[in-house]
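Reader: I want to learn how to read salt bridges in a model. Please take me through some cases.

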Amino acid sequence: MTDQHIATQDNDHHDHDSHHGPAKGWRRWLFTTNHKDIGTLYLTLSFILMFVAGTMALLVRTELFEPGKVLLNPEFFNQMTTFHGLIMVFGVIMPAMAGLANWMIPMMIGAQDMALPRLNNWSFWLLPFAFTMLMSTFLMSGNAPDFGWTFYAPLSTTYAPKSTDFFIFSVHLMGLSSILAALNIVVTIFNMRAPAMTWMKLPMFVWSWLVTAFLLLAVMPVLAGCVTMMLMDRHFGTSFFNAAGGGDPVLFQHVFWFFGHPEVYILILPGFGVISSIIPTFSRKPLFGYHAMVYATVIIALLGLVVWVHHMFTTGAPMDAQLFFMYATMLISVPTGIKVFNWTATIFKGSLSFETPMLFALGFLVMFTIGGLSGLMISLVPSDYQYRDSYFIVAHFHYVLVSGSLFTIIAAVYYWLPKWTGRMYSERLGQWHFWLTTIGMNVTFMPMHFLGLAGMPRRIPDYALQFTDFNQICTVGAFIFGFAQLIFLYIVVMSCFSKRFPAATSQVWEGAHGLEWTIPSPAPYHTFETPPDLATVNAAAPQLE
Amino acid sequence: MRRIFLFVLTSFFAIAALATPGINMPVGVTPVSQEIYRLHMAAFYVCCVIGAGVFGVLIYSLIAFRKSKGAKAVHFHEHLGLEIVWTTIPFLILVALAIPATIVLSHIHNTDQSGLTVKITGYQWRWKYEYLDQNISFFSDLSTTQDQINNKAAKSPWFLLEVDHPLVVPVHTKVRLLVTADDVIHAWWVPELGVKQDAIPGFVNENWMMIEKTGTYRGQCGELCGLNHAFMPIVVEAVSPSDFAKWVTAHQARVKGDHS
């Protein structure tokens, strides 16, 4: 380990091949400090958990296929909705974004690795233990956590199952992992950029992750505080959230959503960065309004810190507070709109081709806009009295998160997979994957808008007869959506392990710009041991043209 | 591929159109629910216009600027005027939406001059209604049988939306609602009355309704409250003031009878 590490800095005295290759077998993965290996680990964990949490969603949709009990009793149904949300947020989206950051940030800024490689190893390896502990609650006597991924007190404190303590510890581990990863990313971007890589030459993906990392540092400690207060209430006689002891259940929601709302931007901003890489490539045209995009990202993050009460409009918040948070929430749609308009302007008068990454990017653009517009509707407090906790909300946040996070992650994987594995994927299968995913996604979530407006509450295992038709459509869509991901699994596995797919060039995409395309495919185990020079950096930053 | 997609899309909307009961928010029967409905529709139309603009440009670009049809990229990447325009116009649209929203919200918060006060308490998993000035208090439980839920009996038309003792209120009367809970957080939600108010243990939230039409209005608990969250519906019966007076007298007499 240490030898290798010194060797990378002292490569004149050592033979490249003998010291720079990865270790063999399981030791490579357990002890690795290489940003590419750790990126792969993050992405693999995320991929596995996506199928776990996706299966849970399909169980939920099966139960909701028709009124009356279908498959699950209400206890298990509540556990499924809880775990689906928790795992998708903390186990799928966040690790996948961290995996992309690990793989791409050093390669995009011309650094040889992350700034803190051992910390990087630890950040990842906390996660498998956190999720093993979380899942182990299914094997315990009594229920697994069943209070929704938002775990509102006192349902999650006084009235919660015993296994909640394991949930609390697991959230602590996830939070620790995220904080360490975020620190590492901030330090890397500040200190490890190639000398010629000034701030306004940074690729948008790096900018987005820098802002995201600051958001993580701002709010993950608050989540840790939140679950610690729960633990104190449960076992040490405090009454933070217990009105009978002088506490306030609404305090829980303030603390939770102070974390929870920025969390939404944590899930989405890196995806914005991915889209800002992909759309210019396949439009063969530089990103429109690079500077505006950078400022919009920063403003979204800052405003995102002061809108949390919009999740709590029906809790009896005073009118002044409701108005402040409504105006602040509406204001976020201005910088978000700027981003959508800039992506559209990038496409306008381009020279477009529609490879799979571009298809997913366009799918993102359309569906994220739909989700953003329903978000604008929800920001209006009076209407929110009707939308809150209905399926309209479920539809809204799935449009935003499935397209904003999942679609962008899938787009990123198709976009950079040839760079990672050295093999092109099957374009035909990729197109099938895109169309089935997009159709499945819309058939699943579009009818949920109607269900919510008609009055169906979220998180119910059984429903009134009038909701039957749309629920059946949703369930059919969910199965199309779910099974389409098996195509994705096949494509990724084949691209990693099979020799059948054609080899990729170092440029991979005709219109791609960026330092990552100046190195061979697959990317060597160590890259940019000497930083790229000014000419290379400038050539890779098309916004300077 | 595109043909398949269009087919699925068309059939999807055809199915959606056939299954029309409950595709939109109910207009409702209270001044607040109607104001909310109008605000909701105004915001929806604004979103449609914005969506049409963005998607129009996008679809045009996707058709007109394809590399396979020989499109050459034009290298522009900044335009200050354009960026100012698409920052300012959305901002003005937001102001136009914020004004009516603020007005409606001030109506929701105005609980003055009510003619009747009902205290609503959420329990796991039932509602309790107390008429503070009439000395009436009762629990309201789901009346759908377990056999219907387990598919052992035919489902009644109001499956999961029926209770043994509905909340009875007079029409054309401002009813002040004091909402609280005994254990965990619940939410009292009846879409057609435009009321959703969280019921929070230890705190009392206020809301109000003035029903303009006699009838039966149904809703459900709106906040996950544990095992039987789906099984604590709300039924409100709005009757004429004279019928309400009769109901109050009959109820009080019955309670007195039970006690003697």
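Predicted model: local features only at pLDDT ≥ 70, side-chain atom pairs only at ≥ 80, totals over all residues.

Author: R234(A) and D165(A) form a salt bridge, with the closest N and O atoms 2.8 Å apart. The two residues lie in distant parts of the chain, 69 residues apart. R234(A) sits in helix α8 (residues 204-235) of chain A, and D165(A) in helix α7 (residues 164-191) of chain A.

Reader: Is R234(A) buried or exposed?

Author: Buried means under 20% relative accessible area. R234(A) has 19%, so R234(A) counts as buried.

Reader: How many salt bridges does a search of the whole structure find?

Author: Over all chains, 10. One of them joins D384(A) to R388(A), with the closest N and O atoms at 2.7 Å. D384(A) is buried at 0% relative accessibility. R388(A) is buried too, at 8%.

Reader: What does R126(B) form a salt bridge with?

Author: Its partner is D141(B), and the closest N and O atoms are 3.1 Å apart. This pair also links distant parts of its chain, 15 residues apart. R126(B) is in strand β2 (residues 126-131) of chain B. D141(B) is in the loop between β3 (136-140) and α4 (146-149) of chain B.

Reader: Which residues do salt bridges with shared partners join into one network?

Author: R284(A), E510(A) and K67(B).

How values were computed
Residues numbered from 1 in each chain as written. Chains lettered and ligands numbered in written order. Heavy atoms only, no water. Salt bridge = Lys/Arg side-chain N within 4 Å of Asp/Glu carboxyl O. Helix = DSSP H or I, 4+ residues; strand = E, 2+ residues; numbered from the N terminus. Buried < 20%, exposed > 50% of the residue type's maximum accessible area, 1.4 Å probe, protein only.
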